[in-house]
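Please look at the model below and follow the report alongside it, one part of the fold at a time.

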Amino acid sequence: MSAPLELPTIVSRAFDVSRRAGYVSFCRNETGRLLATLAATRTGTLAEFGTGCGVGTAWLRSGVRPGAMILSAELDPRLAGAAQEIFVEDPQVEVLAADWSTLRDKGPFSLLFLDSGSPAEVAVDAVADLVEPGGIVVLDDFVPCAGWPPVSDGRVDSLREDWLSDERFASVEVMVATDAAAIIATRR
């Protein structure tokens, strides 16, 4: 996949903070570029559940329009503090040291970025009402699957199946790299 080698300044800063914190589980650059592109189409409030040290948030910030707001929640206070360091002077980004459920009252969101790691928390029924009509949900960290139903580790991937077949959303799985896929779902 082709993309410029240079990273947006805010993303480089987030990578530096992640390295200093010893945190290596973060948004891939391919997914980040997708987030920046989608963020550039949004107004209102964007959100991320599970900030880590802020790399995904930085990618969103690199594309977000003036006047839009990004809210991100990280349960681990040490990681949240590291991410807050990146955006301390940025009025368009707020990182909360809290469980993502604290953001429920701050929606609906025009874009919602979720990690696919915890199926119950990111199930379509758990988050559908948090997205405004026309809003976009992005779930990352999937291994590409060419068949239907989608299979992962020898089992039907019910999280992916539910997102790709829920009638409240127009959804598609996209490969962001040869070994990584994301689901993009737009609320009808």
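## Burial and an aromatic pair

A residue is called buried when its relative accessible area is under 20%. In this predicted model, Trp100 has a relative accessible area of 12% and is therefore buried, and Phe49, at 7% relative accessibility, counts as buried too.

The structure holds three aromatic pairs, and one of them is formed by Phe49 and Trp100. A pair of aromatic rings is described by the distance of the centres and the angle of the planes. For Phe49 and Trp100 the centres lie 4.4 Å apart and the planes meet at 25°, so the pair is stacked, given that planes under 30 degrees apart count as stacked. The pair links distant parts of the chain, since Phe49 belongs to strand S1 (residues 45–49), while Trp100 sits in the loop between strand S3 (93–97) and strand S4 (109–115), 51 residues apart.

## The sheet

Seven strands form an open sheet in the order S3-S2-S1-S4-S5-S9-S8, with mixed pairing, and its edge strands, S3 and S8 (169–177), each pair on one side only. Neighbouring strands of this sheet are turned against each other by 15° on average, direction ignored.

Within the sheet, S4 and S5 (residues 131–142) run parallel and are joined by six bridges; Leu112 has Val137 in S5 as its bridge partner. Helix H6 (residues 158–165) packs on the sheet, where it touches S5, S8 and S9 (180–187).

## Two packed helices

Helix H1 (residues 9–21) packs against helix H3 (residues 55–63) at an angle of about 170°, with the axes 8 Å apart, which makes H1 roughly antiparallel to H3. By class, their contact has seven nonpolar, two polar and no charged residues.

Definitions and conventions:
Residues are numbered from 1 along each chain as its sequence is written. This is a predicted model: local features need pLDDT of at least 70, side-chain atom pairs count only at pLDDT 80 or more; totals for chains, interfaces and linings use all residues. Side-chain values use heavy atoms; hydrogens and water are left out. Axes are lines fitted to C-alpha atoms, for helices over the stretch in contact, and angles run from 0 to 180 degrees between N-to-C directions. Helices (H or I, at least four residues) and strands (E, at least two) are DSSP runs, numbered from the N terminus. Angles under 35 degrees count as roughly parallel, over 145 as roughly antiparallel, 65 to 115 as roughly perpendicular and the rest as oblique. Ala, Val, Leu, Ile, Met, Phe, Trp, Tyr, Cys and Pro count as nonpolar, Asp, Glu, Lys and Arg as charged, and the others, Gly among them, as polar. Rings of Phe, Tyr and Trp (its six-membered ring) pair if their centres lie within 6.5 Å; planes under 30 degrees apart count as stacked, over 60 as edge-to-face and the rest as tilted. Buried means under 20% relative accessible area, exposed over 50%, partly exposed in between (1.4 Å probe, protein chains only). Two strands pair if DSSP finds at least two bridges between them. Contact means heavy atoms within 4.5 Å.
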